[in-house]
Amino acid sequence: MTDTSVDPPRTPRRSAGTGEAARPAARPSRRPGRRTDDVNATAAATTAATTTAATTAAAAARSDTGPSGTDLHLDLPAEGSRRSALMAALREAIRSGRLAPGTRLPPYRTLAADLGIARNTAADAYAELVAEGWLTARQGSGTAVAERAEPAAANRARRSSRPPRPAHDLRQGQPDAAAFPRTAWLAAGRRALTAAPSEAFGPGDPQGRRELREVLADYLARARGVRTDPDRIVVCSGFAHALRLLFDGPRAVLPARSTGPLAVEGYGLPFHRGLLAAAGVTAVPLPLDEDGARVGALAHHRGVRTALLTPAHQFPTGGPLHAGRRAAVVDWARGRGGLVLEDDYDGEFRYDRQPVGAVQGLDPERVVYLGTASKSLSPALRLGWMVLPDHLVDRVLAAKGEREGWASALEQLTLAEFIDSGGYDRHVRRMRRRYRDRRDRLVDALAERAPHIEVTGIAAGLHAVLRLAPGTERSVLKAAAYRGLALDGLADFRHPLLAPEAMPAVDGLVVGYATPPDHAYPAALEALCAILPSPL
């Protein structure tokens, strides 16, 4: 194959709107010393493609107007024919799956400029790959990877090895993704961007946008009984991020080496346990009962000065922390010179009782309040907040760092506008009604199909706990997996260091009723009832 990487002869510029031919027509060179066989080689390469391919490539070239285009990374060897090297590089990118079917390629003129090769070379390579079926080209649509150009078999196998989606999803901790208020959120984002100052698009403040912190201070005081001001709020990327700032890394606010063990509830998320363990934190599990964590046990652990609790709705067993215990744990923190970390889990979603205010309101200098938008809106937002005692604000900001990856300023502005306009309150009230209906349908289905199953933790939140007969949890979970039903067993949430004599283990299921879309919820309930054991 003849290399056509020499500079192509100039062709007359077409009038506006007529576009550009796929490959400039070869004509005798007027420059001194230009060899005629170079021109003949270019002409031969031009006629090598079929008439159909040439016509198709010409249509692609006519759409390749202007110097703009998508970026495309290709490695071409320094020696050999430029056209052959370009074609080989494109074929390999398509075979490997790096250029997926349907991917639009840059105009040949742009690609030639990026690679430092002649336009004719790029145009000829495109034309031949169109003729071979690797690429497609249509006038007005440019050149793209052909739909039948499949990636390598190894890549296809890797994609197919992912676990299949469950037929029914009743896992806890996930809101109804289909209920995200897209229209209202989009409108709030448009208003926020219109009103945003130019500095909002700069590096940003690690403490979070002032607009969001001011709105959060008002909202948390009104809805959750939190006592704070904007200067004591630090915006983070969620609850796990807050834990890392407090306990993990060289600049941790509460390093294990100086603060000692951390008291946690006897049941909680394994992910959080793993995060704390990775940070070197020794956890002391507290037993639970119907009134929440038994905080009186803290007096027996002399080295513990910090406790992590879910007072609004204990996760996952359910129920709020009793009023007497709320006051007792604050008194304990004062006496020890310690802290209570309040995870306000499911604080907005209560159904059959009056709202329980935040423990932070009892003593803002002894309680760190942690909240997120993960359950009320979506975990995809990655937005959370810490309401801190005054003496911890600077230490948390030092842990974050000036260039730490914080939550998007644009999403912070949107959330601030969404709350300030009343959209957040309307959404929470709507979802409260929706989830209460889901909860009621779950309770009704169990009352009809499995009245022997005790249901607890249903006064608030997004899940319920189904108590099972001793020794049956594992077999029920196996039956659920066989039917394509995803749900969690209660044993997975029990802290491994919680002594049986302090709190006996109980078999059960943690059933999330918020996750399935409305049309799939009846079938999910049917599958759940079908796997429950019969009464003994």
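**Close-up views of a predicted model**

The secondary structure of this protein comes to 17 helices and 17 strands; helices (H or I, at least four residues) and strands (E, at least two) are DSSP runs, numbered from the N terminus. This is a predicted model, in which local features need pLDDT of at least 70 and side-chain atom pairs count only at pLDDT 80 or more, while totals for chains, interfaces and linings use all residues. Residues are numbered from 1 along each chain as its sequence is written, and side-chain values use heavy atoms, with hydrogens and water left out.

**View 1. An open sheet of 7 strands with mixed pairing.** At the edges sit β4 (233-236) and β6 (283-286), each pairing on one side only; two strands pair if DSSP finds at least two bridges between them. On average, neighbouring strands of this sheet are turned by 20 degrees against each other, direction ignored. (Axes are lines fitted to C-alpha atoms, for helices over the stretch in contact, and angles run from 0 to 180 degrees between N-to-C directions.)

**View 2. Strands β10 and β11, with helix α8 lying across part of the sheet.** Residues 339-343 (β10) and 367-372 (β11) pair in the parallel sense over 4 bridges. Look for Glu342, whose bridge partner in β11 is Tyr369. Helix α8 (residues 210-224) lies across β4, β11 and β12 (384-387), and runs at about 105 degrees to β4.

**View 3. Helices α15 and α17 packed together.** Two packed helices are described by the angle between their axes and the distance between the axes. Here α15 (residues 423-449) and α17 (residues 521-531) pack at about 35 degrees, with axes 10 Å apart. From α15, the contact is made by Arg438, Arg441, Leu442, Ala445, Leu446 and Arg449; contact means heavy atoms within 4.5 Å. On the α17 side, the contributors include Tyr521, Leu525, Glu526 and Leu528. The residues of this contact divide into 9 nonpolar, no polar and 4 charged, where Ala, Val, Leu, Ile, Met, Phe, Trp, Tyr, Cys and Pro count as nonpolar, Asp, Glu, Lys and Arg as charged, and the others, Gly among them, as polar.

**View 4. Ala480 in helix α16.** Helix α16 spans residues 473-482. Ala480 counts as buried because its relative accessibility is 0% (buried means under 20% relative accessible area, exposed over 50%, partly exposed in between; 1.4 Å probe, protein chains only). Leaving aside neighbours within four places in sequence, Ala480 is in contact with Leu485, Leu487 and Ile531. Ala480 and Leu528 are 48 residues apart in sequence and 7.4 Å apart in space, C-alpha to C-alpha.
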